[in-house]
Amino acid sequence: MSVKNIFVLGNDSFNDRHNLRPISAGYGYNFHNLFWFDEVRVENRNVEETLTEARRRLECFDDSIDGLLTFYDFPASLIAPILCEEFSLPSPSLEAVVKCEHKLWSRTLQREAAPEVVPTFAPLQLDEQPERAWQRLTDEGLTPPVWIKPVKGVLGQLAFQIDSIETLTDAIEQAEEKIDYFSEPLAALMKHMPVELPEPYRGKDSKRLFIAENDISVPHACTAEGYRFEGMTQIHGVVDSFRYPDCPAFHRLQYPSKLPEDVQQRMVDASIRVIERIGFDGGAFNIEFFWDPDTEESSLLEFNPRISQSHSPQFQMVDGDANMKIIADLAVGNEPRLVRGQGEFEVAAKFMLRCFANDALVTRTPGDAEIEAVMQRFPGAKVKLDVHLGQQLSEQRHIDSYSWQLATIYMGAKNEEALLSQFNQAVEMLDFRLRGGEIELPDRHDVMLEY
């Protein structure tokens, strides 16, 4: 077996240990950290400096460079195809990735390919007078509540739900303070694209461009994961997203999906049409959907030109390989070879252990012995702490507005009932203590939905 050297843009210790190393041992891939995740976050570095340093590191490598991959969001998702182009490595084109990432451009192409799953949307400039903007949006078919988002953000930051001129005014004021956080690195990376953006999305005001779209959120959310290689699209799995009761915060990401087969197939069909219209090839993607069982309608929330690293352990536990095997194959220009149903478990999930409070101080976290006890009691379980001793919960970054995340727990089981029972037992074994604020941990974590 010939060994292939693959550089990872935005690696982290958890994924390196649990997802990449098993692939490395099993398939002859040598993974090298080009940057750790903390080094390539949008708030940490000038993207041009990141590109310069990445080139230097790659040029210093004294062996063959066979591939480069990333499994994280912006700016890594746009830096990767730029480097691949410069070093003649397999990758989707930068133009195709931008068509996925730029929300207005992507929505336009989605509507052309699969209009039945795309909500009504319209552009919004931050310098528009709120009363005039509100009238224009309603004239264009948007109905409250409406979401406004920057054309490129990260993890829902600067996304606002608005239902009046007053809430629109407040959202614009908040967005004005932070929009450069995303717009400046986006503009810098877009300079590397060989073609210009379409006329509606470029010009002096493009840095302040938002998208407004009708609210499509319903209780049932899922994500279709797939890849496209030499013109052929393959969906390798659908993952359900379960939320806490009466709260938008995610409780778990569970694989395989419980959605009816015909619903999943309609999502697959729409995904294929969208990916073909965008012209994305040679890479992996995930597409987030909502499904309304009352109307039987599916709605496309977002198209991401990468796998979801949050799904990797679930695929490994159920199918036998993490989805990172797919992007490793693609990174070296090979068609992915998939295994299915070869894992130890019938169902698996990533659980987000959360608390709901204004704020609090972390006065105790589970020790190594407690974490090891969970992993010993439940084979295949993985525990990742998301807080540390002495931390104020409000110091967390990239979290939703409704809760604080204490830990991430991956588990597999023979069925959903056993999976949820195991998670409840694991929560009882992990001793978190918090001081200050009003703390509420849900009494039970047995969120189940029947379709």
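Leucine 9 is found in strand S1, residues 4–11; strands here are DSSP runs (E, at least two residues) and helices are likewise DSSP runs (H or I, at least four), both numbered from the N terminus. The model is a predicted one, in which local features need pLDDT of at least 70, side-chain atom pairs count only at pLDDT 80 or more, and totals for chains, interfaces and linings use all residues. Residues are numbered from 1 along each chain as its sequence is written, and side-chain values use heavy atoms, with hydrogens and water left out.

With a relative accessible area of 0%, leucine 9 is buried. Buried stands for under 20% relative accessible area, exposed for over 50%, and partly exposed for values in between (1.4 Å probe, protein chains only). Leaving aside residues up to four places away in sequence, leucine 9 touches Leu34, Phe35, Val40, Leu68, Leu69, Thr70, Ala76, Ile79 and Ala80, where a contact means heavy atoms within 4.5 Å. Isoleucine 79 lies 70 residues from leucine 9 along the chain, yet their C-alpha atoms are separated by 8.5 Å.

Ala76, Ile79 and Ala80 bring the description to helix H4, where they are among the buried residues. Nine of the eleven residues of H4 (residues 76–86) are buried, so this helix is largely enclosed by the rest of the structure. Proline 75 lies in the loop between strand S3 (67–69) and H4, and the peptide bond that reaches proline 75 from phenylalanine 74 is cis, with omega near 5°. Serine 88 has a positive phi of about 55° although it is not a glycine, and at 66% relative accessibility it counts as exposed.

Most residues other than glycine have a negative phi, and most peptide bonds are trans. Glutamate 296 has a positive phi of about 65°; this residue is in the loop between strand S11 (283–292) and strand S12 (297–304) and is partly exposed, with a relative accessible area of 41%. The bond from tyrosine 255 to proline 256 is cis, with omega near 0°, and proline 256 is placed in the loop between strand S10 (250–255) and helix H10 (261–278).

A loop can also hold a buried residue: glutamine 391, between strand S15 (382–385) and strand S16 (404–413), counts as buried at 6% relative accessibility. Its contacts beyond four places in sequence are Ala360, Leu361, Val362, Asp386 and Gln396.

Next come the aromatic rings. Rings of Phe, Tyr and Trp (its six-membered ring) pair if their centres lie within 6.5 Å; planes under 30 degrees apart count as stacked, over 60 as edge-to-face and the rest as tilted. This rule gives eleven aromatic pairs. The rings of tyrosine 29 and phenylalanine 31 have centres 6.1 Å apart and planes at 55°, so the pair is tilted; both residues are buried. Ring pairs also link Phe37, Phe71 and Tyr72 into a cluster.

Finally, the whole protein can be viewed at once. Its secondary structure comes to 14 helices and 17 strands. The radius of gyration, taken over C-alpha atoms, is 22 Å, close to the 22 Å that the globule rule gives for 451 residues, so the protein is as compact as a globular protein of that length. That rule is 2.2 Å times the number of residues to the power 0.38. Buried residues make up 56% of the 451 residues.
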